[in-house]
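Have a look at the model first, then read on.

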Amino acid sequence: MASESFRTSRTSRTVSAWRPPVAGVVEVFHAQFTEYAYPMHVHEAWTLLIVDTGAVRYDLDRHEHGTPHDTVSLLPPHVPHNGSPVTPEGFRKRVLYLDGTYLGDELIGAAVDHPDLRDPLLRRRVGQLHGTLLRPGEELEAESRLMFVGERLRGHLRDDLAAPRPADPVLARRLRELLDERVAEGIGLKEAAGLVGAHPAHLVRAFSAAYGIAPHQYLTSLRVGRARRLLLEGQAPSEVAVATGFYDQSHLTRHFRRLVGVPPGRYRGAS
């Protein structure tokens with residue numbers, strides 16, 4: 001993750017930018033600006049923007065728009081836009097730049113007509129996705145959250161926020177079997193959906209409805225359970241993290257503490 005912070009007599013800017021290992025995400029960009037205006041420019045990717053403090057005004061296709069904190073703004077690729085703070089205090093924003101995995105070029109026109117979406121559920125889901133992308137090793141969760149964000153964005157642009165399909169226990173069991181087989185190595189949502197012949201969104205919904213837990217939560221539970229056994233066998237937490245599929249020891253510690261109540265080192269010492 002790259003970050004930058006600097007202050008001049010007129011401007012204050014804090015920026016973090018990185019590319020996570022999640023299909024569909026070109027870049028994650030977090031920034032806080034005061035008295036800074038973007039000139040007209042274009043992006044090759046879709047720009048999914050939420051503003052946490054302050055507000056931004058911008059022109060898109062020669063029409064003025066704004067981004068109050070309760071909206072999600074979706075700016076299409078290849079269409080010029082600018083941006084500037086509404087107040088002297090500036091703004092703090094979080095942006096995802098997305099390729100065409102979830103949003104195709106056929107939706108550009110609809111996004112130009114209605115770039116600002118007032119949808120509390122979508123706003124919450126985008127914020128949760130940003131939180132997940134800050135944590136290395138949570139790619140399955142990020143994929144799942146991004147898939148639902150993309151689905152809801154498409155529903156807005158097509159004016160079709162259809163109800164989800166009913167539960168499918170057979171499909172849920174097939175995904176559970178895949179997760180059981182790949183505890184340490186894990187599996188991506190797209191690969192899992194291809195192996196069982198289902199749409200990723202339906203796959204996640206079917207699993208969650210059948211077991212009362214999301215696939216990424218189920219996999220993390222399996223990994224923590226395996227970590228407990230290895231710790232009781234005398235292995236060091238750093239070794240256990242690698243053996244059970246966690247990104248690193250801190251990744252193991254975060255989930256272990258949340259599910260067990262104590263960090264791995266203390267759990268091992270109590271045995």
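## Ground rules

This is a predicted model, where local features need pLDDT of at least 70 and side-chain atom pairs count only at pLDDT 80 or more, while totals for chains, interfaces and linings use all residues. Residues are numbered from 1 along each chain as its sequence is written, and side-chain values use heavy atoms, with hydrogens and water left out.

## The chain overall

The secondary structure comes to ten helices and eleven strands. Both are DSSP runs numbered from the N terminus: helices are H or I with at least four residues, strands are E with at least two. The C-alpha trace spans about 65 × 50 × 25 Å along its principal axes.

Of the 271 residues in the chain, 47% are buried. Here buried means under 20% relative accessible area, exposed means over 50%, and partly exposed is in between, with a 1.4 Å probe and protein chains only. Take the contacts (heavy atoms within 4.5 Å) with a separation of 6 or more: 68% of them are between residues 24 or more positions apart.

## Back to Arg223

Arg223 sits in helix α7, which covers residues 215-232. A salt bridge needs a side-chain nitrogen of Lys or Arg within 4 Å of a carboxyl oxygen of Asp or Glu.

What does the side chain of Arg223 have beside a polar atom instead? The backbone oxygen of Ala184 is 3.3 Å from one of its polar atoms, and the backbone oxygen of Gly245 is 3.4 Å from a polar atom of that side chain. The cut-off for a polar contact is a pair of N or O atoms within 3.5 Å; within protein, one must be able to donate a hydrogen and the other to accept it, and residues adjacent in sequence count only if both atoms are side-chain atoms. Leaving out residues up to four places away in sequence, Arg223 touches Val183, Ala184, Glu185, Gly186, Thr244, Gly245 and Phe246.

## A four-stranded sheet

Now for an open sheet with the strand order β4-β9-β6-β7 and antiparallel pairing. β4 (38-41) and β7 (63-66) are at the edges with a single partner strand each, so one side of each has no neighbour in the sheet. On average, neighbouring strands here are turned by 20° against each other, direction ignored. Such axes are lines fitted to C-alpha atoms, for helices over the stretch in contact, and angles run from 0 to 180 degrees between N-to-C directions. Two strands pair if DSSP finds at least two bridges between them.

β4 and β9 (residues 81-85) are joined by two bridges, and Tyr38 stands opposite Gly83 in β9. β6 has three bridges to β9, with Arg57 partnered by Ser84, and four bridges to β7, where Leu60 is opposite His63. The β6-β7 hairpin has two residues between the strands, and Asp61 takes a positive phi near 55° there. β6 (residues 56-60) also has two faces: Val56, Tyr58 and Leu60 are covered, while Arg57 and Asp59 are uncovered.

## Salt bridges

By the rule above, the count comes to 13 salt bridges. One of them joins Arg57 and Glu64, at 3.2 Å from N to O. Arg57 is partly exposed at 24% relative accessibility, whereas Glu64 is exposed at 57%.

Asp119 and Arg152 form another, with the closest N and O atoms 2.6 Å apart. This pair links distant parts of the chain, 33 residues apart: Asp119 is in the loop between β11 (116-117) and α2 (120-133), and Arg152 is in helix α3. Asp119 is buried, with a relative accessible area of 5%, and Arg152 is partly exposed at 21%. Elsewhere, salt bridges that share partners join Asp52, Arg92, Arg94 and Arg123 into one network. Within it, Arg92 and Asp52 meet at 3.6 Å, N to O; Arg92 is in strand β10 (residues 91-98) and Asp52 in strand β5 (residues 46-54), 40 residues apart.
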